[in-house]
Amino acid sequence: MDLTVLDVDVCVVGAGPTGLMAANVLEKLGVDAVVVDSKAGPTRESRALGLQARSVELYRQLGLAEEVLARRTLAAQLLPGVGPRSLGAVPLGRMGAAATAFPGIHILEQSANEEILAARLERRGRPVLWRHGFERLEQDDGGARVHLAGPDGPVRVGARYVIACDGAASPVRRQLGIGFPGGTNRHLFYVIDANAVTGLRDGISVRVTRDEFMLAFPMGPDGAGGRRVRLLGLLPAVAEDDAGAPPRVAEGRARSSLARGFGIHYGSSEWFSTYRVHHRVADVFRDGRVFLAGDAAHIHSPVGAQGMNTGLQDAHNLACKLADVLAGRMPEASLDRYQAERRPVALRLVSTTDRVFGVVTSPHPAAVFFRTRIAPVLMPVVARVVPRSPAGGRLFGYVSQLRIHYWMTEAERRRAESLRGPARAGRRGRVLGRRLPWVPLDGAEPDNHASLDALEWQVHAYGGSGVVPGRRLAERHGLPLREFPAAPRAGLPDGTAVVVRPDLFVAALERAATKRG
């Protein structure tokens, strides 16, 4: 039997959004990488569809933001409601305008994300190896060997590292024996990509009734003068059959539920499916030379449109770290930071979405009372007050994944773990360990993030007094120095100097010495 052998630095298993993002970042950073998938091409179903601001920033670093923005549908407001009524509007775009160049939630289905990312790899001479299914892998101190079933026979890929982005059922994770603990929501949910939808305002709608829950995401025009909308909902009182699997549920039942409970009607559907929500996080994100990312590492409910975004950011974080190690800029041990940074993000996300899902789906009398009596009173107040308060910006930061925090040193992490309550939270700075605050500029560059499109480590100095500590940091670490006006409202006052990683996170911070009078 003929055997094709490929040798690369990194083999990415799985060409969904996570794997394609990893491959694109590695390509831009000059890493010899290949991405493989058993599919014949990009996903055809819409599947995941919400892109958060932080993810669009990653696309910008790949030179793809303009294409993403041209193809997406912008959801500029959140519309909470009860039954057929919307109760106020939360302006997501306005709340995020001071924090990012890409406020709002950008609706771009998974299939389109995959097309954009796969096309870039094709243009760059690194096409996806479609129809190459994973069979097994071996690893030792010298590297890993990934065995694939290709269309023309077996293929073996030799790689220094492997990134498993092969979904929730991840064959790679299973072969490695990595646990995937968690739970499954007992309710059955439906998902519909519907055309000619009526009964909804423009924006993302979240509605509840005593027994049901519904999410709606705008997907643009349907081609016939109507509206195309993703509808997700709860089908109550559906028991598992004897085999423990969800029964088949006719689309007519979902259509009836939408009309009866929420006053929503639609014409045809492009996609209909039912599923159960799982909340799971892998025990570890690394096993030797193999790393887990995206759904292979964590899965959770669709609340907040976080899943695809978390996978994209896993991939970006890990690809930057691998490039640093392969180029000799960082030691091998620095790869352990991938799990240290990204697994806590997954754990928090799963915990948060699980709690929110519990509130909107629980049959407990207290939860029903909250949904039917308290929520209708609170929603209009929240919609009016929150966007005008500091809490609005914080809320957008959490939803858009702009407020993710990493402990930058082991000493910081140990200090944080030794604290409890408010004192622990107070240890987290506004800048260090966070994504670099976004600052729009009046000069040739649009903002202080533009120079980071190069995907390289940099030192930024803010204000005239920031130049001295900035030069000190630049000389100490051998990095280029960029100077910017002070931005005190963003947490970058005069005299601030920061080391910024390729993923836009601030790795070190110094302030100019202040004069004492």
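This is a predicted model: local features need pLDDT of at least 70, side-chain atom pairs count only at pLDDT 80 or more; totals for chains, interfaces and linings use all residues.
**Helix 1 and the cysteines**

Numbering runs from 1 along each chain as its sequence is written, and side-chain values use heavy atoms, with hydrogens and water left out.

**Helix 1: span**
- Helix 1 covers residues 17-28, 12 residues in total; helices here are DSSP runs of H or I with at least four residues, strands are E runs of at least two, and both are numbered from the N terminus.
- From first C-alpha to last, helix 1 reaches 16 Å, close to the 16 Å expected at 1.5 Å a residue (that is, 1.5 Å times one less than the number of residues).

- Helix 1 is largely enclosed by the rest of the structure, because 11 of its 12 residues are buried (under 20% relative accessible area with a 1.4 Å probe, protein chains only; exposed is over 50%, partly exposed in between).
- The buried residues include Pro-17, Gly-19, Met-21, Asn-24 and Glu-27.
- Their packing partners include strand 1 (4-13), helix 5 (110-123), strand 10 (153-164) and helix 8 (307-326), with contact meaning heavy atoms within 4.5 Å.

**Cysteines**
- You'll find 0 disulfides here (a disulfide is a pair of cysteine sulfur atoms within 2.5 Å).
- Cys-11 is in no disulfide, and its nearest cysteine sulfur, that of Cys-165, sits 10.0 Å away.
- Cys-11 is buried at 0% relative accessibility, and Cys-165 is buried with a relative accessible area of 10%.
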